[in-house]
Amino acid sequence: HRRPKQINMSARKELNAALDQADQLFDDGQVEAAIDLLEPLQDRFGSSADLSLILGLSYLQIGEIYEAVSMLERAARSRKDPALKIPLGVAYMNADMFVNAVLVLTEAQRAHEMLPDDLLETLHDLRADLREQAEEFQLPVQRAAEGLRALEQFKYCMIMERFPAATKAGR
């Protein structure tokens, strides 16, 4: 019974060492090197919020927006930390998934996470845009948000070639 725990501890040490190295590479501006280091670890450690977070931030940095969204969603699902919703919201904005951005950033705010001033201003503007769109559709804001979010999810799933999920989002 001890052997599996040693393997698990060894694997955890390996992951932590790779995360530390990738974090340093990211800080040094060697973002693609950090991605190259971490991508092979996804099969073994795909449920690691830290791995998904660093990969997501790295993808965001190099403009791989939809990969960033995927990784940051995974990080937010793996660890129920409201602070993870902030980079996810930024990724959603970069992916033109504005309703998703409003939802996750509002959740972060409700959990008392401090949003930077520029992000607060953008969130305010996005909420105003959503209200305007709802008025144009002559729908309650919540109903308009649900429809627009479904369209955003459909587009995202199509881009990521997740066709069964796209079909579901399009219904």
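**Salt bridges across the chain**

Let's start with glutamate 14. This residue is partly exposed, at 36% relative accessible area. Keep in mind that the model is predicted.

How many salt bridges are there? The count is 3. Let's take them in turn.

Glutamate 14 pairs with arginine 44. Their closest N and O atoms are 2.8 Å apart. Where do the partners sit? Glutamate 14 is in helix H1, residues 2-27, and arginine 44 is in helix H3, residues 42-45. So this pair ties together parts that are 30 residues apart in sequence.

Next, arginine 79 and aspartate 50. Their side chains form a salt bridge, with N to O at 2.4 Å. Arginine 79 lies in the loop between helix H5 (65-78) and helix H6 (85-94). Aspartate 50 belongs to helix H4, residues 49-62. So a loop and a helix are tied together here, 29 residues apart in sequence. Buried or exposed, or partly exposed: which is arginine 79? Arginine 79 is partly exposed, at 31% relative accessibility. Aspartate 50 is partly exposed as well, at 30%.

Last pair: glutamate 107 and lysine 85. Their side chains meet in a salt bridge, 2.8 Å from N to O. Glutamate 107 is in helix H7, residues 98-110, while lysine 85 is in helix H6. The pair therefore ties together parts 22 residues apart in sequence. Glutamate 107 has a relative accessible area of 38%, which makes it partly exposed. Lysine 85 has 22%, and is also partly exposed. The cut-off for buried is under 20%, so lysine 85 does not count as buried.

Note on methods
Residues numbered from 1 in each chain as written. Predicted model: local features only at pLDDT ≥ 70, side-chain atom pairs only at ≥ 80, totals over all residues. Heavy atoms only, no water. Salt bridge = Lys/Arg side-chain N within 4 Å of Asp/Glu carboxyl O. Helix = DSSP H or I, 4+ residues; strand = E, 2+ residues; numbered from the N terminus. Buried < 20%, exposed > 50% of the residue type's maximum accessible area, 1.4 Å probe, protein only.
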